[in-house]
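Keep the viewer open as you read.

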Amino acid sequence: MTDVHAKGMSDEARVEEVEALPEIESLSITQTDPRARGQSHGEHWRACVHELAEVQLSHACVSAETDAVLDSAAASLVVMAAEVPDLHAEILGIAEGADLTPQRIVVLNGVDLAPVDEELAVPSAAASGGTSIYFQGAEGPTLGHIWDLHPAVAPFVRVLRVKTAHVTTLLVTLTGCLGLAGLTDGGFAVTTLALSQQDRAVGVPWPAVVRSLLAAGRAADARRDLERLTLGSGRHVVLADREQFLALENSATHTVLTQKGPKAAHLHTNHSFDPVLRQTEAIPRTSTTFPRINTASTIYAQQRPATADALWALLHEHGPGAGSLCSHGGQGASPQQPVTAAIAVFSLAPARLRIVAGCEQRGRSVSLDVGAA
Ligand SMILES: [Zn+2]
């Protein structure tokens, strides 16, 4: 088993090597009209939306022609207009605010483009990863998440506070993106992890799925919503509220409940637990998903965290090699290998988010009450 407690000298040395990251920037949006909400977002982060749109388009075009990628994005917009009209309007608003086409914003939002050739069948699994840990502790349900993103995407992580008449939601997102994960003031959290499922389809982009699930307000209703939506690619989806924990794995065509029960601890990385989904999975050789689940399970069993602070410390364990939950990239790492873009702990009661760009060896965390101004 990996020695996950190899701290001390090596950690201190690593601190000096890594580049310091700025505090994660947040933006509050209060417009009730979805299109106006998008416009505010697009205008506020226009320069960064342009930069990230270029990066994402170049990634999508590694194995497909630009025209084909943009055609798939247009097809995805048609599905959004039918299934999630408010989020479709928000995408149009982001496009207007940032002065880009809606297709370019869809490409920025993801990875859920249809395959145009065989090579694109497993396009981005190695481009992103992550680790999820949930438990019911002394302070109530607590959910930790690590986002490992392509090094060119990692600098664009932001926090968006969206206030409507009925609910305030804190979103962990990218500039120009609808949301990677979120937490409502009612204590309902949604996070997802990429799975390397081989089937791909034109569907609702994952950030729009996340927002749609959050709008459902509670885990059981969000599960029904997930089963209703047309999905484009494989994910592990956590739905956690103050009473219930549900986690589902899916491909573009198949969705399975794989973890449930608010009293148990639930850990996940980037491979399917479901035996049927395992058969359609193609995990890239460069993926660290198996060593990371080993590390997470081992240190969870050793430390038995009961509070948000204890989970925060657990997520900051820096082991050697591929089993480290946090990855800094840099020396010796492939320029395509994902790096840890952010670490967060969602406390559900009261609803609170603590988040840091990279990890606390690299930047300073911020703590945000979801309902606060
Ligand atoms: Zn780190």
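**Loops, sheet and helices**

Start with Arg304, which is exposed, having 12 other C-beta atoms within 10 Å. The model is predicted. Arg304 sits in the loop between α10 (289-303) and α11 (308-315). Its backbone stands out too: phi of Arg304 is near 40°, a positive value in a residue other than glycine.

Asp99 is another case. This residue is not a glycine, yet its phi is positive, about 60°. Look for Asp99 in the loop between α5 (85-98) and α6 (102-108). Asp99 counts as exposed because it has 11 C-beta neighbours inside 10 Å.

The bond runs from Ala349 to Pro350, and its omega is near -5°. Pro350 belongs to the loop between β12 (339-347) and β13 (352-357).

Now turn to the sheet. Strands of a sheet pair through backbone hydrogen bonds, in parallel or antiparallel fashion. Here the sheet is open and has 8 strands, with mixed pairing. Read across, the order is β1-β4-β5-β6-β7-β8-β9-β10. At the edges are β1 (26-29) and β10 (255-260), each pairing on one side only. On average, neighbouring strands of this sheet are turned by 20° against each other, direction ignored.

Strand β9 (residues 245-250) and β10 run antiparallel, joined by 5 bridges. Leu246 stands opposite Lys260 in β10.

Which strands does helix α7 lie across? Helix α7 (residues 206-216) lies across β5 (168-174), β6 (181-184), β7 (189-194) and β8 (235-240). Its direction is at about 155° to β7.

Next comes a pair of helices. Two packed helices are described by the angle between their axes and the distance between the axes. Helix α2 (residues 34-44) and α5 pack at an angle of about 35°. Their axes are 6 Å apart. The crossing of α2 and α5 is right-handed.

What meets what at this contact? On the α2 side, the residues include Pro34, Gly38, His41 and Gly42. On the α5 side, they include Ala89, Ile91, Leu92, Gly93 and Ile94. By class, the contact of α2 with α5 has 8 nonpolar, 7 polar and 6 charged residues. Charged members include Arg35 and Arg37 in α2, with Asp86 and Glu90 in α5.

Key:
Residues are numbered from 1 along each chain as its sequence is written. This is a predicted model: local features need pLDDT of at least 70, side-chain atom pairs count only at pLDDT 80 or more; totals for chains, interfaces and linings use all residues. Two strands pair if DSSP finds at least two bridges between them. Helices (H or I, at least four residues) and strands (E, at least two) are DSSP runs, numbered from the N terminus. Axes are lines fitted to C-alpha atoms, for helices over the stretch in contact, and angles run from 0 to 180 degrees between N-to-C directions. Two residues are in contact if their C-beta atoms, placed from the backbone, lie within 7 Å. A residue is buried if 20 or more other C-beta atoms lie within 10 Å of its own, exposed if 12 or fewer, and partly exposed in between; C-beta atoms are placed from the backbone. A crossing is left-handed if the near helix is turned anticlockwise from the far one by less than a right angle, and right-handed if clockwise.
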